Amino acid sequence: MAPAALANRWWRAVTLAGTVTGSRSSHTALKSNYDALVIGGGHNGLVAATYLQKGGLQAAVLERRHVLGGAAVSEEIFPGFRFSRCSYLLSLLRPHIYRDLELKKHGLKVYMRDPHAFTPMLEEGVRGAPPRSLTLGSDLATNQMEISKFSQKDAKAYPEFVAHLERLADAMNPLLDAPPVDIPGFTSGSLRRRVAAAKTLMPIFKCGLKLGKNLPDFYEIITAPIMKILTQWFDSEPLKATLATDGVIGAMTSPSNPGSGYVLLHHVMGEVEKEKGAWGYVEGGMGGVSQAIASAARSYGVDIFTEKDVSQILVGSDGDAKGVVLKDGTEIHSKVVLSNATPYITFKNLTPQSALSSEFIKAVDQIDYTSPVTKINVAVDKLPNFLASPTPGDKPGPHHQCSIHLNCESVDVLETAYKEAKNERPSARPMVEMTIPSVLDPTLAPPGCHVVSLFTQFTPYYIEGREWTDQDREAFADTVFDWVEQYAPGFKKSVVGRDILAPPDLERIFGLTGGNIFHGSMSLDQLYLTRPLPSLADYRSPIKGLYLCGSGCHPGGGVMGSPGWNAALTVIADLKRR
């Protein structure tokens, strides 16, 4: 049977069986008045609405697309193949939100990955042996054995390196689950507000106490290039390049640029099923986590609507936010409005410009949204078979469940790819992170078939000053596929369909300004007290009653739920003071 026919037959079967569910709006009618309106049904917007509802406010979520989740969505792009179309791995969902909202009860199921990283080499095998590869997982002894293929010294140093990173990441937890220090509260307002502002210092004190003598190491890793850190620990290029990918993933930066060390730390803060540093696949795709949060939200009484495109935030004559206007002209009024859109979309597209100062608008224009990412979703009728770790009979090996790092033999390869994109050219040898979630999750593809995610870097927003064309997209995808073919011969013949999302496509479809997956660069000038701007770090906007609750706020993109949680707490505290 042809792959397409097989896919259609399989999809009809599982849909009728009820094993795959789509995204549906609440059956509740849209009211004309709410206590709180949330623009955007991404995970942070859903979390914010849930905690506002738990705090006694009637909340509603308005999502412009037909599917909930923002970047964390599952979509059937080709018949029978269900993709995590944008975001593709779960880790940084905050544990207290996972527990408090009982997301497992609401249907969230996560497939744990172990091992979690696989880096095959492009090299000739010795005496008929396959090319070397580096596989890393949770077992330190096995990791050391793998690393020893390249360096005995590095194998010995690796356990202490992991422990070092875990200590630093653990110390940051208090900062993730609380708003930044309320600087305006110390410098203005009533005595009551000053006392409340003093409480916002506690997370910093807790972080400092946890760091103790490691404080200089912490300062170094958040400011240094990741290569400075890795070179202090290791010699072998495959290990350094593999680890360096977490320092540049999603960021238009190179391993030799200052601040890339923080991006690495940001990606080891995660936790899945109480396993620190772990990343997992959500059953049914990343839309599964959004659907679980939405289910929890509805259980508390939140009204959730899809295909409700907000055209403008209503600002009254007193300068306060009063609600929103939809594209169809419908007005919905509320006491407060929370925007889960990027700061740029919120203040440049949705807010009346007359309600904002020219100085503020100028500052918003300076927020960096540069993105290096082109995401390619691929449907295949055969599992990729890697020269470095061949598997017979189209059966998956442990490495197939990993993040598979291609073109990561050396850091120089990553540096060259970055420089090409900085010169407005797609990389000729791009960094590729391949994942095959259908190896663990059988609901994503027909039997014998698989969904493949290719998260690629580096590509510019404009190609030598002009917009991307369909020909450019296809040419870049061909380049990526040619490289995959070198590691896994036969890959190109197995392709049933491909979905190519360059930075402008990520912006257009998912509302990610510049195509940036973090809602803004995670650079040192856009973190904590300055995320996304010093005047917006506390989630409040210049317009009373308008708040930010998306990844453009502290603690940033990928830390699922924290911006929404922190914003909801801020709103509830402000309403109590009114």
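This is a predicted model: local features need pLDDT of at least 70, side-chain atom pairs count only at pLDDT 80 or more; totals for chains, interfaces and linings use all residues.
Residues are numbered from 1 along each chain as its sequence is written, and side-chain values use heavy atoms, with hydrogens and water left out.

**Domains and their interface**

The domain assignment, whose bounds come from an automatic or database source, divides the protein chain into domain 1 (33-73 + 90-107 + 285-365 + 519-576), domain 2 (114-136 + 374-457 + 460-501) and domain 3 (151-278). Taken over C-alpha atoms, the centres of domain 1 and domain 3 are separated by 25 Å. With contact meaning heavy atoms within 4.5 Å, 26 residues from domain 1 and 24 residues from domain 3 take part. The area buried between the two, that is, the accessible area (1.4 Å probe) lost on putting the parts together and summed over both, is about 2000 Å², and carbon and sulfur atoms give 57% of that area. On the side of domain 1, Arg94, Leu524 and Tyr528 lose the most area to domain 3, together accounting for 26% of what that side buries.

The salt bridge formed by arginine 94 and aspartate 177 has its closest N and O atoms 2.9 Å apart. Ten residue pairs, both members at pLDDT 80 or more, are in polar contact between domain 1 and domain 3; such a contact is a pair of N or O atoms within 3.5 Å, where within protein one must be able to donate a hydrogen and the other to accept it, and residues adjacent in sequence count only if both atoms are side-chain atoms. Helices (H or I, at least four residues) and strands (E, at least two) are DSSP runs numbered from the N terminus, and helix H3 (95-100) and helix H19 (562-577) each supply at least two residues of the side of domain 1 that touches domain 3. H19 gives the most to that side, with four residues.

**Salt bridges elsewhere**

A search of the whole structure finds 30 salt bridges, among them the following.

| Pair | N to O distance |
|---|---|
| Aspartate 499 and arginine 85 | 2.9 Å |
| Lysine 322 and aspartate 318 | 3.0 Å |
| Glutamate 474 and arginine 498 | 2.5 Å |

Aspartate 499 lies in strand S19 (residues 495-501) and arginine 85 in the loop between strand S4 (81-84) and H3, so this pair ties together parts that are 414 residues apart in sequence. Both aspartate 499 and arginine 85 are buried, buried meaning under 20% relative accessible area, exposed over 50% and partly exposed in between (1.4 Å probe, protein chains only). Arg65, Glu75, Arg85 and Asp499 are linked in a network of salt bridges. By contrast, lysine 322 is partly exposed at 32% relative accessible area, and aspartate 318 is partly exposed at 46%.

**Backbone geometry**

Most residues other than glycine have a negative phi, and most peptide bonds are trans. Another cis bond joins histidine 554 and proline 555, with omega about 5°. Asparagine 407 has a positive phi near 60° and is buried at 0% relative accessibility, whereas glutamate 424, with a positive phi of about 65°, is partly exposed at 32%.

Notes. A salt bridge is a side-chain nitrogen of Lys or Arg within 4 Å of a carboxyl oxygen of Asp or Glu.
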